[in-house]
Amino acid sequence: MANATGMEIERLKETAKAIRRLIITITTEAGSGHPTSSLSAVEVVTALYFGGFLRHHKENPRDPLRDRFILSKGHAVPVLYSALCQAGYYSVDEIRTLRKLGSPFEGHPNMKRLETMEASTGSLGQGLSLGVGHALGCRLDGIDAHTYVMLGDGEMGEGQVWEAVASAEKYRLSNLTAIVDQNGFQQTGSTKDVLDLKPFAPKFEAFGWHTQVIDGNSMESVVSALETVKSVTDRPTAIISQTKKGFGILPILEAAGDLNYHGKPLSHELAQQALSLLS
Amino acid sequence: MAIGEAAGLKLGKASRDAFGAALKELGNEFPKFVTVDGDVGNSTRTEVFAKAFPDRAFNVGIAESNMVGVASGLASAGKIPVVSSFAVFLLANAFDQIRMCVAYPEVNVKLVGSHAGISIGEDGASQMGIEDVSLACSLPGMTVIVPADATSTRKATRAMLEHVGPVYLRCGRIELPEIYQADSPFVIGKANTVKEGDDVTIIANGLMVGVALDAAAQLAKGGTSARVVDMHTVKPLDEATILRAAEETGRIVVAEEHLMTGGLGAAVAATVARTRPVPIEFVNLGDRYAESGDPQGLLQKYGLTAEAIVAAVEKVKRR
């Protein structure tokens, strides 16, 4: 979406809202899951899938020429299922089976059961290595495909992430973009208290990456950041996407007295409130 | 006395050397495979391939976890990555990555662990892969191959590339006796009976196949006819060959350069217990780490010898 118009941004914002509603609906029906970790990432995922940044093919999800999106923070997979539903890959009824026995919409992405999943994730810290492999493989075949990997700020504590950062720089993978969804929380509390790895941008820069720091819940900022990615032709790009966990339903989380709200779904009552807020 | 000498075998190449040579030989025939290394390519011998095909060889540095993840991504992009390091650094260091990025999604990654067993010698226990087979076998869907000589390692390398799905191939550092001919069969999951016999079956793999043939030569002098089976594939296990051995020889000894837990012995025992319970004895490292020392001395000290197999055969005959 080069030079997105105001109208296009408005359309993306409406889509983001619909995706948020789906996230609330399916996690509350599942009775488990990670709605707030999903909600922080909505603008980025929406822009990728609906802003023309990620080449994807509904008829042939594993088309070798596709761009890749790897969700390293696999617990946020409701955002991905909901985006794919919104894009017409799945019906609402299908993704409503989230986490239920027999459903391919598992609690974390499973590439063996859903061909739209580029990776099976859920053990944190591994997604960027997979992205390096995809990017190397595409380059070997002369395929002009871009790989985007979304990581959580909590999982940046895994040493493997920095191994992957170093290897992506070694191979000058300009067809790879890491997006850190920096929502400030991890399982037991604020990332500041658990393991403060900030600031991320200078660390990526020190490893030789091109970096951008953006407001990841502003559609304008996200679109503008993604627009610049492909102009960086000599190294990988990191987008530090500063977000709020649970963005879109913050007043509800505040009233509930828990801005982290990690790994639990909204009650049916809170979900109703959330859906009205997002209507 | 060198391994295989009592059985009249000539020493050949180490399995790691055969693996490296095979990769180079197969490079043009299998244009899709690439190597991913953790900076030990001169030890694992992938450097032989890397020199011939530099564009298809990636050294990601001393970072095994990332190495396995990168390989998985390459496989998803349609390549056949051959990932190698020392067996212990590959399987033990990157176990979760192998589980999450290779076994669970069942992607087409080939894992090759060199420097397996105590026969690597002087570097000591930190470098010795003695739990690798157990770790690999514990993963659903993983094929686990432990070849016994250079010729079968070359064939195993080809079979591994032809096979679709995750494979672990175990290689060692020391020279092995040549057991096979160029036209000998090698089929994943199908054991080779390398010596016929009626009184007892010695089931072995890797370096211990040569040792078992030495033991069989010694046993023959005492009038005991031992069958020797090369169970080069630990998973999937050739249960038919094991059942036939139990039925026809009534006694089994399992020999491997690995811990007791989760290795070939445990796999054979589980099969025998379920199909045709007969007495079994084991020759392996038991439940202990080894130490630094020369390879032959270590094999002696830790009981991986023809004498140990003969003693196990005598024991199993008395039961």
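Trainee: How does H1(B) pass H8(B), in a left-handed or a right-handed crossing?
Mentor: A crossing is left-handed if the near helix is turned anticlockwise from the far one by less than a right angle, and right-handed if clockwise. Here H1(B) passes H8(B) in a right-handed crossing. Keep in mind that this is a predicted model, where local features need pLDDT of at least 70, side-chain atom pairs count only at pLDDT 80 or more, and totals for chains, interfaces and linings use all residues. Residues are numbered from 1 along each chain as its sequence is written, chains are lettered from A and ligands numbered from 1 in the order in which they are written, and side-chain values use heavy atoms, leaving out hydrogens and water.

Trainee: At what angle do helix H1 and helix H8 of chain B pack?
Mentor: Two packed helices are described by the angle between their axes and the distance between the axes. Axes are lines fitted to C-alpha atoms, for helices over the stretch in contact, with angles from 0 to 180 degrees between N-to-C directions. Helices (H or I, at least four residues) and strands (E, at least two) are DSSP runs, numbered from the N terminus. In chain B, helix H1 (residues 15-26) and helix H8 (residues 150-162) pack at about 45°, their axes 8 Å apart. That makes H1(B) oblique to H8(B); angles under 35 degrees count as roughly parallel, over 145 as roughly antiparallel, 65 to 115 as roughly perpendicular and the rest as oblique.

Trainee: Which residues meet there?
Mentor: Contact means heavy atoms within 4.5 Å. Among those in H1(B) are Phe19(B) and Leu23(B), while H8(B) brings residues including Arg154(B) and Met160(B). By class, this contact of H1(B) with H8(B) has 8 nonpolar, 3 polar and 3 charged residues. Ala, Val, Leu, Ile, Met, Phe, Trp, Tyr, Cys and Pro count as nonpolar, Asp, Glu, Lys and Arg as charged, and the others, Gly among them, as polar.

Trainee: What about a helix pair from two chains, H6(A) and H4(B)?
Mentor: Helix H6 (residues 127-140) of chain A and helix H4 (residues 64-76) of chain B pack at about 45°, with axes 6 Å apart. That makes H6(A) oblique to H4(B), and their crossing is right-handed. The contact includes Gly133(A) and Gly137(A) of H6(A), along with Gly69(B) and Gly73(B) of H4(B). Its classes are 5 nonpolar, 9 polar and no charged residues.

Trainee: And how many residues of chain A are in contact with chain B?
Mentor: 28 residues of chain A are in contact with 25 residues of chain B. Buried area is the accessible area (1.4 Å probe) that two parts lose on being put together, summed over both. Between chain A and chain B that is about 2,100 Å², with carbon and sulfur atoms giving 58%. The interface also has 2 salt bridges, each a side-chain nitrogen of Lys or Arg within 4 Å of a carboxyl oxygen of Asp or Glu. Lys79(B) forms a salt bridge with Asp141(A), the closest N and O atoms being 2.5 Å apart.

Trainee: Where is the cis peptide bond in chain B?
Mentor: Most residues other than glycine have a negative phi, and most peptide bonds are trans. A cis bond joins Lys235(B) and Pro236(B), with omega about 0°. Pro236(B) lies in the loop between strand E12 (233-235) and helix H10 (239-249) of chain B.
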